[in-house]
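This briefing covers the sheets, helices and backbone details of one model. Please read it alongside the sequence and the coordinates.

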Amino acid sequence: YMLGEVQYGGRVTDDYDKRLLITFTKVWFGEHMFADGFIFYKGYKIPQCKSIEQFREAIDVLPLVDTPEVFGLHPNADIMYQTNVAKEVLDTISSIQPKDSSGRAGETRECVVNRIAMDMLEKLPADYIPHEVKARLQKMGALSSMNIFLRQELDRMQKVISVVRSTLQDLQLAIEGTIIMSEGLRNALDSMYDARVPDTWKKVSWESSTLGFWFTELLERNAQFNKWIFTARPNVFWMTGFFNPQGFLTAMRQEVTRAHKGWALDSVILQNGVTKMSRDEVTQPPPEGVYVHGLYLDGAGWDRKGCRLMEPSPKVLSVPLPVVHLYAINSADYVRDTKLYTCPVYKKPRRTDLTYITSLGLHVPANPPHASNPEYWILRGVALLCDIK
């Protein structure tokens, strides 16, 4: 308690970081430490020394590089670390390249960016016409919690489309010399040439590793919204495609609450069940709640037959999770299952309070025995990601 909650835990602000710290202290600190055969990991034991020289010799014997297994992680974690380091180095090299050099095949930077801008403008979705959207919402039920959420998402989507169209059109005019190349347009030109997302777009939208991934996501997000507002409510939702996934879950809880007389939103708890279906196999919505797809399991594999966690395959860093059924129950009927692993869900690979959405309960395997304890998967750092790019 003193180590996990007071001395070190008091400095930790993230709940899941604190959970990991407490798990470390629970697994590593206890009476079992004083047993003769105790080791933290192969080659990591508590030295039995009486002099400084003996301590120095024990330290010299320790490996120079700690493997991920020492901390309870899977060897795949080292691949991710090395990939991130290499990407950071390459991004730094790219950022300090001369800005005035000609592009591929003798093209100037301006010609390359102008061609990219023309291609993006052709593919950019049309603006949402306010009176058409309002009429559709009225027909669908404007006061429905899910439709209120849809209206808010459409407003933000329209803002992104407007900013992108305005930037691309101004950039073309600036390249032609019709208007002055402002600092913002220069940033957009440099970013697009380096396949990065311009800062002005990033402020009103979402993070992405490359411009290509970002623009593809824009088209996919818009396709989901367009289908929802002008065709019908989707049978399965792509949660990654929402600006505010927490708002989506709150709207779903509110919808379930209104369907049950005497329930209050404050007393309704989110629950989940992982199905065996893929996105294409879903033909109708669930009786209550929603189906969501597009979640990726990071740090573990998934047993589709048993619907439970399993060890990941070597060199496979993430696996797609089947369709998840999200629903809500009254807290009076809730009984916590201690055998479930409480898995945090994040929008992006960077796990912070800003990207955290919610948590889902996942079943753990019965064998081997050590893997049947949720603490094993806490040390593994298992999480669900909406986006792995």
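Four strands form an open sheet with mixed pairing, in the order S3-S5-S10-S4. Its edge strands are S3 and strand S4 (268–274), each pairing on one side only; two strands pair if DSSP finds at least two bridges between them. Averaged over this sheet and ignoring direction, neighbouring strands are turned by 35° against each other.

The model is predicted: local features need pLDDT of at least 70, side-chain atom pairs count only at pLDDT 80 or more, and totals for chains, interfaces and linings use all residues. Residues are numbered from 1 along each chain as its sequence is written, and side-chain values use heavy atoms, with hydrogens and water left out. Helices (H or I, at least four residues) and strands (E, at least two) are DSSP runs numbered from the N terminus.

- S3 and strand S5 (residues 290–293) run parallel and are joined by three bridges. Val236 stands opposite Tyr291 in S5.
- Helix H11 (residues 245–259) packs on the sheet and touches S3, S4, S5 and strand S10 (324–330). Contact here means heavy atoms within 4.5 Å. The direction of H11 makes about 50° with that of S10; axes are lines fitted to C-alpha atoms, for helices over the stretch in contact, and angles run from 0 to 180 degrees between N-to-C directions.
- S5 and S10 run antiparallel, with three bridges between them. Val290 has Leu326 as its bridge partner in S10.
- S5 is covered on both faces, with Val290 and Val292 buried on one side and Tyr291 and His293 buried on the other. Buried means under 20% relative accessible area, exposed over 50%, and partly exposed in between (1.4 Å probe, protein chains only).

- Seven bridges join strand S11 (residues 340–346) to S12 in the antiparallel sense. Thr342 has Gly361 as its bridge partner in S12.

**Helix packing**

- Two packed helices are described by the angle between their axes and the distance between the axes.
- Helix H5 (residues 109–123) packs against H8 at an angle of about 85°, with the axes 9 Å apart. That angle makes H5 roughly perpendicular to H8; angles under 35 degrees count as roughly parallel, over 145 as roughly antiparallel, 65 to 115 as roughly perpendicular and the rest as oblique.
- On the H5 side, the contact involves Arg109, Glu110, Val112, Val113, Ile116, Ala117 and Met120, which meet Arg186, Leu189, Asp190, Met192 and Tyr193 in H8.
- The residues of the contact of H5 with H8 comprise eight nonpolar, no polar and four charged. Ala, Val, Leu, Ile, Met, Phe, Trp, Tyr, Cys and Pro count as nonpolar, Asp, Glu, Lys and Arg as charged, and the others, Gly among them, as polar.

- The 32 residues of H7 (residues 145–176) should span 46 Å at 1.5 Å a residue, and the end C-alpha atoms are 47 Å apart, which agrees. The expected span is 1.5 Å times one less than the number of residues.
- Gly177 follows H7 and has a positive phi, near 95°.
- H10 has 20 residues and reaches 28 Å from first to last C-alpha, close to the expected 28 Å.
- Buried residues of H10 include Trp214, Phe215, Glu217, Arg221 and Trp228. Their cover includes H5, helix H6 (130–140), H7, H8, H9 and strand S3 (236–238).
- Glu217 has a relative accessible area of 3% and is therefore buried. Leaving aside neighbours within four places in sequence, Glu217 is in contact with Trp206, Trp238, Thr240, Lys348 and Asp387.

**Backbone details**

- Most residues other than glycine have a negative phi, and most peptide bonds are trans.
- Ala195, in the loop between helix H8 (183–193) and helix H9 (199–204), has a positive phi of about 65°. Ala195 counts as partly exposed because its relative accessibility is 36%.
- Cys307, in the loop between strand S7 (301–303) and strand S8 (308–310), has a positive phi near 55°. Its relative accessibility is 16%, so Cys307 counts as buried.
- Asn367 and Pro368 are joined by a cis peptide bond with omega about -5°. Pro368 is in the loop between strand S12 (356–363) and helix H12 (374–380).
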